[in-house]
Amino acid sequence: MPRDSSFLKVRSNCQTATSSSRRSLPAVSRALRRTGTKSVFATTGGGPNGAAIGPDGAIYVAQNGGFHWTERPLPDGTVGLFPGEQPADYIGGQIQRVSADGSEVATLYRECDGERLKGPNDLVFDAEGNFYFTDHGKTRPRDRDRTGVFYASPDGKMIREIIFPMESPNGIGLSPDGKVLYIAETPTGRLYAYDLVGPGQVGMRRVVGTVPGAPPFNFAMCDSLVVDAEGNVIVATLVNGGLTSFTPAGQATHYACPDILTTNACFGGPGLRTLYATLSTTGKLIAFDNWPTAGLKLNC
């Protein structure tokens with residue numbers, strides 16, 4: 001759940017830790033723009049969350065409807081921004097389409113079979129040209145939403161709920177062969193794998209792994225995810241801030257980062273060897289050059 005980022009140039013001492021070793025990662029050396037500036041591409045309202053480029057070149061946005069944001073002290077004494085409950089100006093959950101030049105924003109879906117979308121969070125396109133998306137839901141002072149996972153077409157004509165219920169599903173991605181759907185569940189810290197028996201049709205489910213917790217409470221949660229070309233699933237990790245890479249068999253390696261809310265990641269650059277990550281409390285976008293594995297080319 002990236003917030004508005006300052007895209008500051010950052011250098012980090014991010015490291016990777018396993019049960020047997022600890023080694024440095026390539027330094028964070030670049031920002032989105034060399035000038036450190038930012039610009040508005042499109043105005044969606046609410047809370048634009050995960051996004052993906054569709055087969056028509058447009059950008060499809062999981063619109064969570066907005067959050068109530070709160071300033072809280074960080075461990076280093078500075079102040080960070082944290083997302084909270086459903087805000088007073090909540091616009092409702094939506095799937096939006098943004099034109100390739102950013103000039104037009106349209107809403108494709110607000111509901112499925114009469115049930116309103118609550119807080120769409122992330123989405124991924126398949127080889128059929130359709131997309132899967134998670135609905136993270138919203139929380140309020142005394143209750144929260146029960147939500148699931150959906151399959152939809154980019155023309156606004158087809159949407160189906162294919163998994164229900166889940167506990168605040170967040171990141172979503174496909175294996176390199178397109179036969180496995182990965183879903184990260186925020187409060188449980190679990191990464192699930194669903195076998196796909198056809199487009200938009202899920203079969204057996206298994207737990208790939210749980211993100212490693214941070215001391216002293218041994219606690220962590222999942223945010224968004226990205227899949228690399230070797231089939232590893234890299235999950236943005238909350239509380240124990242960083243990136244947790246899972247092999248398909250479930251072996252985990254955690255890469256610590258300097259923000260307790262590391263919220264999203266994607267590959268780019270030459271050969272897809274640069275991994276970008278969002279640091280939510282501090283509002284930064286960071287880039288790891290020469291990541292150990294190349295990214296997976298997405299369907300678009």
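Predicted model: local features only at pLDDT ≥ 70, side-chain atom pairs only at ≥ 80, totals over all residues.
# Notebook: salt bridges, rings and a patch

I started with charge pairs and found that the structure holds six salt bridges (a side-chain nitrogen of Lys or Arg within 4 Å of a carboxyl oxygen of Asp or Glu). Residues are numbered from 1 along each chain as its sequence is written, and side-chain values use heavy atoms, with hydrogens and water left out.

**Salt bridges.** I looked up Asp145 and saw that it pairs with Arg140, the closest N and O atoms being 2.8 Å apart. Asp145 is buried at 15% relative accessible area, while Arg140 is partly exposed at 22%. My cut-offs: buried is under 20% relative accessible area, exposed is over 50%, and partly exposed is in between (1.4 Å probe, protein chains only).

Next I checked Arg144, which forms a salt bridge with Glu167, again with the closest N and O atoms 2.8 Å apart. This pair links distant parts of the chain, 23 residues apart: Arg144 is in the loop between strand 13 and strand 14, and Glu167 is in the loop between strand 15 and strand 16. (Strands are DSSP runs of E, at least two residues; helices are H or I runs of at least four; both are numbered from the N terminus.)

Arg206 lies in strand 19 and Asp195 in strand 18, so the pair ties together parts that are eleven residues apart in sequence. I also noted that shared partners join Arg140, Asp143 and Asp145 into one salt-bridge network.

**Rings.** My search of the whole structure gave ten aromatic pairs. Rings of Phe, Tyr and Trp (its six-membered ring) pair if their centres lie within 6.5 Å; planes under 30 degrees apart are stacked, over 60 edge-to-face, and the rest tilted. For Tyr60 and Phe125, I got centres 5.4 Å apart and planes at 70°, so I wrote down edge-to-face. Tyr60 sits in strand 5 and Phe125 in strand 12, so this pair ties together parts that are 65 residues apart in sequence. Tyr60 is buried at 0%, and Phe125 is buried at 3%. Tyr60 also pairs with Phe131: the centres are 6.2 Å apart and the planes at 40°, so I logged that one as tilted.

Which residues do ring pairs link into a cluster? I listed Tyr60, Phe125, Phe131, Phe133 and Phe150.

I also spotted the charged end of Lys138 over the ring of Phe67, 3.8 Å from its centre (NZ of Lys or CZ of Arg within 6 Å of the ring centre and within 35 degrees of the ring normal).

**Patch.** I found Phe217, Phe219 and Val239 making a nonpolar surface patch of about 320 Å². Patches use residues with over 30% relative accessible area and no salt bridge, joining like charges within 9 Å and nonpolar side chains (Val, Leu, Ile, Met, Phe, Trp, Tyr) within 5 Å. Areas come from the Shrake-Rupley method with a 1.4 Å probe; for residues, only the protein chains shown count as cover. Phe219 is in the loop between strand 19 and strand 20, and is partly exposed at 38%.

**Whole chain.** Last, I counted zero helices and 26 strands. Buried residues make up 51% of the 300 residues.
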